[in-house]
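I opened this entry to record what I looked up in the structure. The notes go from charged pairs to the overall fold.

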Amino acid sequence: MKKLVASIVLLFITFSFCLAASSKDEFKTTYDEVEDVTFITHKDMQKGAFYNLKDSATGERENISLYISDKSLTIWADYQNNDWMFIDGFVFLDADSNRLKIDYGKRSDSDVKKGGLKNLYVREDYGAILKEEDISNLEKLLSSQKVYVAFLGKKNTKKMDLKAKYIQAMQATIEKWNSINEQ
C-alpha cells in the first residue's frame, strides 16, 4: 500500500512539473462568478493540489504569495507549524535592512489540521490588499540581492529567505498588475 501511495505521489509530482514546464503563459486566470472577481496568479505562486506538494520536491515552501484580484494586488501568507502564532502581519526585509511591514490585512483562517502519522498542526492564513505606496516599496525590496520575510503575531517567526523563483514571480506579478492598471 505504501508503494502504491508513493507511486501515485511521484506520478502527481512528475505530472505537475511537466505541466509547469510546458506552459507558455506565466499566469493562470480564474473567474469567480459568485463573487464576480477575476484572479490572476503566477504559476510559481499557485498552490499544488496538496499543500506544498508542488514545491516539497525542490525543498521550497509556499509561505507567501502575491496575486491580482480584479485591479488590486493582494498578498497572502500561509503559516503552518505545530503551535499557534495568531498571525497579524508580516515584514519584508532586504540585505540592506530596508523593511516593509504589512499589518493592515486580516487573518482569514485559523484551524487545527491532522497530517500523516496522526500528527496535528495549525494553519493560519493572512491576507492584505496592498496599498500603492507599499507596492512600490515591495518592488524596491525585491530588487535587492537578498530578500527575507517574517510573519508577525503573538510569536514571531524568524526571517525566512524568499526563494529566487518567488522573487521573480512577485516581480512578474507586479509588472502584470502595472500593465492592467495602465489601461
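The model is predicted.

**Entry 1: salt bridges.** I asked how many salt bridges there are by the rule of a Lys or Arg side-chain nitrogen within 4 Å of an Asp or Glu carboxyl oxygen. The count is two.

I looked up Asp161 and found that it forms a salt bridge with Lys146, with 3.0 Å between the closest N and O atoms. This pair links distant parts of the chain, 15 residues apart: Asp161 is in strand 10 (residues 160-161), and Lys146 is in the loop between helix 3 (132-142) and strand 9 (147-152). Because its relative accessibility is 40%, Asp161 counts as partly exposed. Lys146 is also partly exposed, at 35%.

I then noted the salt bridge of Lys101 with Asp103, whose closest N and O atoms are 3.8 Å apart. Lys101 is partly exposed at 44%, and Asp103 is partly exposed at 42%.

**Entry 2: Asp78.** Is Asp78 buried or exposed? I recorded a relative accessible area of 1%, so Asp78 is buried. I located Asp78 in strand 4 (residues 72-81). Its C-alpha atom is 8.4 Å from that of Ser65, 13 residues apart along the chain.

**Entry 3: the whole chain.** I listed four helices and ten strands, in the order α-β-β-α-β-β-β-β-β-β-α-β-β-α from the N terminus. Of the 183 residues, 37% count as buried. I noted that the chain exposes about 11,200 Å², of which carbon and sulfur atoms supply 52%.

Definitions and conventions. Residues numbered from 1 in each chain as written. Predicted model: local features only at pLDDT ≥ 70, side-chain atom pairs only at ≥ 80, totals over all residues. Heavy atoms only, no water. Helix = DSSP H or I, 4+ residues; strand = E, 2+ residues; numbered from the N terminus. Buried < 20%, exposed > 50% of the residue type's maximum accessible area, 1.4 Å probe, protein only. Areas by Shrake-Rupley, 256 points an atom, 1.4 Å probe, with all protein chains shown as cover.
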